[in-house]
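My notes follow the structure.

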Amino acid sequence: MAASMPPEALLEGAAKPSGSEQSVLEKHVAFFDRNHDGIVYPWETFEGFRAIGAGYLLSMTGAFLIHFALSSKTRPGKYPSPFFPIEVKNIHLAKHGSDSGVYDSDGRFVSLKFEEIFRKFASTHGNALTSGELMAMLKANREPQDYKGWIGSWTEWMTLYNLCKDNNGLLRKEIVKGVYDGSLFERMERDRKPHRK
């Protein structure tokens, strides 16, 4: 059935018709744009990580690595900046290899690829991944000699797993979907607010 569907029917967050709507990948990154100016700086990423419950070390390391790796890719034709900004509108240019393919090259969400993760790898629980299943997925997605992509994928997924696994060590499907569209970050921050002064 899915094979006969037009490609656009498999995409969510399709192309930006008026230039005002964000792709799903942009929404994922926009959470970290704390002042909503379209540019994410390392200190905003640090603040975003802290807002969702990450510790200081993970927040600092994550902010440094993310901005070091992605800044120049999202700023084509511009001189490097000592502040390592990431331009939200160009985040699709920073996609790395060896990933799940859930975001297409324009940052749109590919439903078929998302469902494929759980169909192929969630064998213990249909709607959740164990740590072993997650590692099997990462291994299956590896492109030959794409070491940066391997590291990028491993880092993203293990951070997600460690922050969001449930008490049984399962990474649930709805959590993963919320990460892809950025809604999980907002929910995590909202849930944490009552516990903070």
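I looked up the contact of helix 4 with helix 7 and found Phe-114, Glu-115, Ile-117 and Phe-118 of helix 4 meeting Lys-173, Val-176, Lys-177 and Tyr-180 of helix 7. Contact here means heavy atoms within 4.5 Å. I sorted these residues into 5 nonpolar, no polar and 3 charged. The classes are Ala, Val, Leu, Ile, Met, Phe, Trp, Tyr, Cys and Pro as nonpolar, Asp, Glu, Lys and Arg as charged, and the others, Gly among them, as polar.

I noted the source: this is a predicted model, where local features need pLDDT of at least 70, side-chain atom pairs count only at pLDDT 80 or more, and totals for chains, interfaces and linings use all residues. Residues are numbered from 1 along each chain as its sequence is written, and side-chain values use heavy atoms, with hydrogens and water left out.

Next I took the geometry of helix 4 (residues 111-121) against helix 7: the axes come within 12 Å and cross at roughly 150°. Axes are lines fitted to C-alpha atoms, for helices over the stretch in contact, and angles run from 0 to 180 degrees between N-to-C directions. Helix 4 and helix 7 are therefore roughly antiparallel; angles under 35 degrees count as roughly parallel, over 145 as roughly antiparallel, 65 to 115 as roughly perpendicular and the rest as oblique. Helices (H or I, at least four residues) and strands (E, at least two) are DSSP runs, numbered from the N terminus.

I then checked helix 6 (residues 147-164) against helix 7 (residues 173-181), and read an angle of about 125° with the axes 11 Å apart. That makes helix 6 oblique to helix 7. Trp-157, Leu-160 and Cys-164 of helix 6 make the contact with Ile-175, Val-176, Val-179 and Tyr-180 of helix 7. By class I have 7 nonpolar, no polar and no charged residues there.

For confidence I used pLDDT, the predictor's confidence in each residue, from 0 to 100. The chain has a mean of 88, and 88% of its residues reach 70 or more. I flagged residues 1-18, where pLDDT stays under 50 and the model has 26 contacts beyond four places in sequence.
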